[in-house]
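Subject: Structure handover

Hi,

Here is the structure I promised to pass on to you. Please open it alongside this message, and my notes follow below.

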Amino acid sequence: MNMIKPIERLLLWFPICLLSACATPPTELQAPDVEPLTLSQVNQNPEVYRGRRVRWGGTILAVENEADATWVQVLGKPLDSSWRPKEDARPLGRFLVSTEAFLDPAIYTQGRELTVLGTLDGVAERTVGKREIQLPVVRIESWRLWPKRVEIQTPYYYPYWWYSPPYYRYWPGYYW
């Protein structure tokens, strides 16, 4: 009878546990024909890339609802392995998201993270401060509004000897 030794069993289970810990991207953002275009490439010559599919993300700056469309202005950031915008990454620039669906500004608030999958559809002009700028437009097919990040603060515990009574009796005035 062939017996598997404990070390061999550990070596068999290690890759399985390692692969199960990998984060999987959301299914609504998966597409086989997405091109790895960056925002800076598209900003240089946006008409060349019209019609190409991209997956971009960032933080929401503004939401404009019109009668037939919703426009979302996004500050682009690089995406991590699960396609969520990296929190501390440098911004890549701005882009516009266009959809026929109504996106409630109370839900899609400024500062929320958004990842979109869609087709590049030219440029649109927007005013930032007192300056007119042209932003690439992504007509979205699907999107993911990420939940707000929650910072967990763990309490700090002082070392056990900090509260230890034997040290107090040697302090001046302990017995007075």
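How many helices and strands make up the secondary structure of the chain? There are three helices and five strands. Please keep in mind that this is a predicted model. Going from the N terminus, the elements come in the order α-α-β-β-β-β-β-α.

**Overall numbers**

The chain has 176 residues, and 33% of them count as buried. Its exposed surface comes to about 12,700 Å², with 57% of that supplied by carbon and sulfur atoms. If you take the contacts between residues at least 6 apart in sequence, 62% of them join residues at least 24 apart.

**The barrel**

The five strands close into a barrel, in the order E1-E2-E3-E5-E4, with mixed pairing. From one strand to the next, the twist averages 45°.

E1 and E2 run antiparallel and are joined by eight bridges. These two strands form a hairpin, with four residues between them. Strand E3 (residues 93-99) then pairs with strand E5 (residues 131-145) in the parallel sense, over three bridges. There, Ser-98 stands opposite Arg-139 in E5.

Strand E2 (residues 70-77) deserves a look of its own. Seven of its eight residues are buried, so E2 is largely enclosed by the rest of the structure.

**An aromatic pair**

The structure holds one aromatic pair. Trp-56 and Phe-95 form it in an edge-to-face arrangement, 5.2 Å centre to centre and with 65° between the planes. The pair links distant parts of the chain: Trp-56 belongs to strand E1 (residues 53-65) and Phe-95 to strand E3, 39 residues apart. Both Trp-56 and Phe-95 are buried.

Is Thr-99 buried or exposed? With a relative accessible area of 7%, Thr-99 is buried, because the cut-off for buried is under 20%. Thr-99 sits in strand E3. A polar atom of its side chain lies 3.2 Å from the backbone nitrogen of Ala-101. Leaving aside neighbours within four places in sequence, Thr-99 is in contact with Ala-69, Thr-70, Ile-140 and Trp-143.

The other residue is Leu-61, which lies in strand E1. Leu-61 has a relative accessible area of 23% and is therefore partly exposed, as that class runs between 20% and 50%. Which residues does Leu-61 touch, not counting those up to four places away in sequence? They are Gln-73, Val-74, Leu-75, Arg-94 and Gln-110. Leu-61 and Arg-112 are 51 residues apart in sequence, and their C-alpha atoms are 8.5 Å apart in space.

Best wishes

Terms used: Residues are numbered from 1 along each chain as its sequence is written. This is a predicted model: local features need pLDDT of at least 70, side-chain atom pairs count only at pLDDT 80 or more; totals for chains, interfaces and linings use all residues. Side-chain values use heavy atoms; hydrogens and water are left out. Buried means under 20% relative accessible area, exposed over 50%, partly exposed in between (1.4 Å probe, protein chains only). Contact means heavy atoms within 4.5 Å. Accessible areas come from the Shrake-Rupley method with a 1.4 Å probe; for residues, only the protein chains shown count as cover. Two strands pair if DSSP finds at least two bridges between them. Axes are lines fitted to C-alpha atoms, for helices over the stretch in contact, and angles run from 0 to 180 degrees between N-to-C directions. A polar contact is a pair of N or O atoms within 3.5 Å; within protein, one must be able to donate a hydrogen and the other to accept it, and residues adjacent in sequence count only if both atoms are side-chain atoms. Rings of Phe, Tyr and Trp (its six-membered ring) pair if their centres lie within 6.5 Å; planes under 30 degrees apart count as stacked, over 60 as edge-to-face and the rest as tilted.
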